[in-house]
Amino acid sequence: MAVQCMIREVGAHAGETVRIGCWLHNVRSSGKIVFLQLRDGSGYIQGVVVKSEVPEEVWTAAKSLTQESSLYATGVVREEPRSQSGYELTVTGIEIIQITQDYPITPKEHGVDFLMDHRHLWLRSPKQRAVLIIRAEIIRAVQEFFDTRGFKLVDPPILTPSSCEGTTELFHTKYFDEDAFLTQSGQLYMEAAAMALGRVYSFGPTFRAEKSKTRRHLIEFWMIEPEMAFVDLDESLRIQEQFVSHVVQTVLANCRKELEVLERDISKLEKITAPFPRITYDDAIKFLQEHGHDIPWGEDFGAPHETAIAESFDKPVFITHYPTSIKAFYMKPDPNRPEVVLCADMIAPEGYGEIIGGSQRIDDPELLESRFTEHELSREAYQWYLDLRKYGTVPHSGFGLGLERTVAWICGLDHVRETIPFPRLLYRLYP
């Protein structure tokens, strides 16, 4: 009697007969032996069909299989040190579910547009599978980090009545008879949650109608946004570096095979341990100017600037104390130097850019009121946000980590489009 199991479980059944529901990834033949590369989502295993050892109908079925055909394969699990999994399957039976005809993604090279048009099938390839497994492990590590440190998961709304940062990059929709927008951040709502629960985090989709086609941008992406009561900027930075270190080291511990499939230089990830270096915006401007970049004080950094700075470090680097004029209205000015704010961006190594942005938030009611006036923000839509400073204001800080940029960095990918199952790009809404 065959034991029904998944490929990742075969090690527990060495010497036993198992039955695996699977797809044919690839096939090769050597005379009277057929080698089936089988996959079931949990892993890969080679199935060996020997003509002289199986009934004619099993041999005929094996010879008829095509790429991505679906089947149940029955056989004896054998230890095989040369195999990636350490095992192979001596096939004794094949039940065909479907013979696939003209599978569009073949072992030959395909262009990016073709692969994106067939994203629903491209996900089956070993590299794309590896990326999604690493993404899932990153998500698990994120939740583990916060859940074991007293943070509570809170879900902010996706539909919002307005935006305190302007609506030019927001997707507009109708909420019955009212205007509404898809959220570009849950931060303000998370501040309210922090005033109730102390330390909180959200994990969910965000949307930006930014007409950008760079390798770092998606229209729909996922954000992890913690907010922490009674926490200043320095403590927030310590939490951030511990957080990112935990995520990277967890992936290294649990996804070695997937990193190898992606040909990732693991030695670079092994260096990602807290603490991380810190430089001020002033120092960054001076460094850039000394290295041939024409950038004045008061201007924000672009991708070339971030890359140039990151090349000086083999860990993520914090850039702190940006000019008040180029940062969000809710960031707290430095009491000793109000022209800069208590904020920091974390820049990943290897040219992957900003993966975290955060700050200490304004806790003074009068200063926040003046910022609303200065930025011509809607008090009607966000009176509740002002109430947070009116009723029990406290020092508090928060940050946001972009999941897809983090996945791209850890996986060593050239473009964020491969970091999410079905990417939404400027000119792509299909599939």
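Visitor: How much accessible surface does the protein chain have, and what percentage belongs to carbon and sulfur atoms?
Guide: This is a predicted model, in which local features need pLDDT of at least 70, side-chain atom pairs count only at pLDDT 80 or more, and totals for chains, interfaces and linings use all residues. Residues are numbered from 1 along each chain as its sequence is written, and side-chain values use heavy atoms, with hydrogens and water left out. Accessible areas come from the Shrake-Rupley method with a 1.4 Å probe; for residues, only the protein chains shown count as cover. The accessible surface of the chain is about 20,500 Å², and the part belonging to carbon and sulfur atoms is 51%.

Visitor: What share of the protein chain is buried?
Guide: Buried means under 20% relative accessible area, exposed over 50%, and partly exposed in between (1.4 Å probe, protein chains only). The chain has 431 residues, and the buried share of them is 50%.

Visitor: How many helices and strands does the chain have?
Guide: Helices (H or I, at least four residues) and strands (E, at least two) are DSSP runs, numbered from the N terminus. Along its principal axes the C-alpha trace spans about 85 × 55 × 40 Å. The secondary structure of the chain comes to 13 helices and 19 strands.

Visitor: Which percentage of the contacts with a separation of 6 or more joins residues 24 or more positions apart?
Guide: Contact means heavy atoms within 4.5 Å. Among the contacts with a separation of 6 or more, the share from residues 24 or more positions apart is 66%.

Visitor: Why do the buried residues of α9 line one face of the helix?
Guide: Helix α9 covers residues 281-290, and Tyr 281, Ala 284, Ile 285 and Leu 288 are buried there. Lys 286 and Glu 290, on the other side, are exposed. The arc is taken from the directions from the helix axis to the C-beta atoms. Seen down the axis of α9, the buried residues line one face because they fall within an arc of 100 degrees.

Visitor: What covers the buried residues of α9?
Guide: After α9 comes Gly 292, with a positive phi near 90 degrees. The cover over the buried residues of α9 includes β13 (278-280), α10 (303-310) and β14 (317-320).

Visitor: Which elements do the buried residues of α10 pack against?
Guide: In α10, the residues His 305, Glu 306, Ala 308, Ile 309 and Ala 310 are buried. They pack against β13, α9, β14, β17 (343-348) and β18 (353-360).

Visitor: Where in the chain are Phe 146 and Phe 243?
Guide: Rings of Phe, Tyr and Trp (its six-membered ring) pair if their centres lie within 6.5 Å; planes under 30 degrees apart count as stacked, over 60 as edge-to-face and the rest as tilted. The count comes to 19 aromatic pairs. Phe 146 and Phe 243 form a tilted pair, 4.8 Å centre to centre with 45 degrees between the planes. The pair links distant parts of the chain, 97 residues apart: Phe 146 is in helix α4 (residues 126-147) and Phe 243 in helix α6 (residues 233-254).

Visitor: Which residue lies over the face of Tyr 322?
Guide: Phe 301 and Tyr 322 form an edge-to-face aromatic pair, 5.8 Å centre to centre with 65 degrees between the planes. Both Phe 301 and Tyr 322 are buried. A charge sits over a ring if NZ of Lys or CZ of Arg is within 6 Å of the ring centre and within 35 degrees of the ring normal. At 4.3 Å from the ring centre of Tyr 322, the residue over its face is Lys 327.

Visitor: Which side chain makes a polar contact with the side chain of Arg 39?
Guide: Arg 39 is found in strand β3 (residues 33-39). Arg 39 counts as buried because its relative accessibility is 8%. A polar contact is a pair of N or O atoms within 3.5 Å; within protein, one must be able to donate a hydrogen and the other to accept it, and residues adjacent in sequence count only if both atoms are side-chain atoms. At 2.7 Å, the partner of the Arg 39 side chain is Glu 68.
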